[in-house]
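Hi,

Here is the structure I said I would pass on.

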Amino acid sequence: MNKTFSPKFFTLMKTGLNKKQITSDIMAGIVVGIVALPLAIAFAVASGVSPEKGLITAVVAGIIISFLGGSRVQIGGPTGAFIVIVFGIVQEFGINGLMISTILAGILLIVFGLLKLGTLLKYIPQPLIVGFTSGIALVIFSTQIKDALGLDIEHVPSEFIEKWRVFLTHMHSTNLYAIGITIVTILLSVYSRKVVSKVPGSFIAIIVMTVLVQLLDLPVTTIETFFGDIPNKISIEVPTFQLDGLTQYFAPAITIALLGGIESLLSAVVADGMIGGKHRSNTELIAQGVANVFTPFFGGIPATGAIARTATNIKNGGRTPIAGMVHAITLLVIMLFFGQWAKLIPMSCLAGILIVVAYNMSEWRSFVAILKTSWFDVIILITTFLLTVLVDLTIAIEVGVVLSAILFMKRMSDIADKKIGHGVDTDVIEDYSDIPDGVTIYEISGPLFFGTAKTYTRVIESIGLKHKILIIRMRHVSFVDQTAIHSFKSTIDTLQNSGVLIVLSGVNAEVNKSFTQSDIIRKIGEDNIFERFEDAVLHAKNNALA
């Protein structure tokens, strides 16, 4: 099998695993399974489906994604990003339509992987990703207001503005017990880790709040109020469809596939940075596709890589796909033996958990940081954010990508007549023979933007890690966008953590301003940034000989 499409688990099995690592993976998997339990239930309920569907998704998709995936540590399952999409599909097409849409999305993801489209993630600008992620977070938060306040509303509109109008007109029905449960759940989810670090706060909150509601017989709604008894078994379900009616499911399927692909690969990239690994993006897409094709037949909903649970896996010692499979088995055991009690969980407790999830995925710090950068990035950010909240996620992504391309062309036309770099770093050093060992030079040719950022930073990191001092010549870099800054900062951190000295030369005024706003100048140090290449080389020599 071609290495590009070879699952990490198969590769690791060939190279062998030591007993100590397997033990560590099993323990990490159990911890992640406990972390995933309340989230899987909460994501399902918020999506408008019964709680066991979230658990089934985490079990079935979790095993498949770990077994066939291109990442060593990826944890798969339902995620908060899908709440808005799944809820909308269920409202319009019902559960049967959701199953068909998910299966079609899985097929699309497999095709994306076979066509080696995994690397196209680098063409998704950072402001676009932050925009739709923050938008999804706001929508998730808004969907939880009813249960968080215990409002007596029979039907909540799907439109954002209309939804809040209904909330405001029903404030008189606020349930103080529900508010109290929501607040305590949020506090336990956020602060309990300071006392009990190994047990997730959301898990503690569910146990404590459920017990209190039952003991005190508090007048609040529970999962049972809306869904009745929860089955503690997995059964096979087959969707019904007609060939001439499949076209209506293409749009939601594309949305699921795009969001699932983007989120899973983002999660894999974050994981790579945490463990110093390198995932196989196309294999990962195929695994995500297979998971989404099979999971609906067991009663599941769309699944993808979960960044927070993947990070939890890594922090608890997980380093192989075994941890992901153990996480799924842990959830299966809990579902089979304790699932029947999940019906007693208060809806306001789930609302509190999801409010914390919404806050964590909001990326508000990145949002604010981008607002301080160029207006090109700000336009992409705000447009994508507003379209996600007020219109539709698919439209937001499509418009965001097209807008990014148009603004890039506008930016290039604006600088066409400018003599960027004129009088800066015009030195030509033909003879590199006197450059000391351990010093290397890399020149970036052209703007650093979302289409080139990942390639340049990957090469810079690869070259830099082999030397003690890296001179990056930037005389031809006319501008940098937020995607490039995000990637460049990550590369700087990796190199500096490995003891590599980074020296820049030929940074023009516009790039310097962007680097200053994003804290890159401080990271590298003003003493290591020069206008003239000759001065940068001299500085590197002095440090190499010191």
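Let me begin with the largest cavity, which is lined by Pro 125, Phe 376, Asp 377, Ile 380, Ser 404, Leu 407, Phe 408, Arg 411, Phe 449, Phe 450, Phe 479 and Asp 481. Two elements give two or more residues each to this lining: helix H17 (375-390) and helix H18 (393-415). H18 has the largest share, with four residues. The volume of this cavity comes to about 90 Å³, and a search of the whole structure turns up two cavities of 30 Å³ or more. Please keep in mind that this is a predicted model.

Then there are the pockets. The second largest pocket holds about 1300 Å³ of space. Its lining is made up of 47 residues, and those nearest the centre are Val 84, Phe 87, Gly 88, Gln 91 and Ser 158. Which helix gives the most to that lining? Helix H4 (residues 83-114) does, with nine residues.

S6 runs parallel to strand S5 (residues 501-505) and is joined to S5 by two bridges.

Ser 50 sits in the loop between helix H2 (19-46) and helix H3 (51-68). Is Ser 50 buried or exposed? Its relative accessibility is 16%, so Ser 50 counts as buried, the cut-off being under 20%. The side chain of Ser 50 makes a polar contact of 2.7 Å with the side chain of Glu 52. Setting aside neighbours within four places in sequence, Ser 50 is in contact with Ala 44 and Phe 227.

Ser 71 belongs to the loop between H3 and strand S1 (76-77). With a relative accessible area of 4%, Ser 71 is buried too. Its side chain reaches the backbone nitrogen of Val 73 at 3.3 Å. Not counting residues up to four places away in sequence, Ser 71 touches Lys 8, Ala 268, His 279, Glu 284 and Pro 321.

Thr 221 is in the loop between helix H9 (201-216) and helix H10 (223-227). Here the relative accessible area is 34%, which means that Thr 221 is partly exposed. Apart from residues up to four places away in sequence, Thr 221 touches Phe 226, Pro 346 and Met 347. For a sense of scale, pick out Thr 221 and Ile 435: they are 214 residues apart along the chain, and 72 Å separates their C-alpha atoms.

Methods:
Residues numbered from 1 in each chain as written. Predicted model: local features only at pLDDT ≥ 70, side-chain atom pairs only at ≥ 80, totals over all residues. Heavy atoms only, no water. Buried < 20%, exposed > 50% of the residue type's maximum accessible area, 1.4 Å probe, protein only. Polar contact = N/O pair within 3.5 Å; in protein donor to acceptor, adjacent residues only side chain to side chain. Contact = heavy atoms within 4.5 Å. Pairing = 2+ DSSP bridges. 1 Å grid on protein atoms, 1.4 Å probe; cavity = no way out; pocket = protein on both sides within 12 Å on 5 of 7 lines; lining within 4 Å. Points joined across faces, edges and corners; volume = space filled by probe spheres on them.
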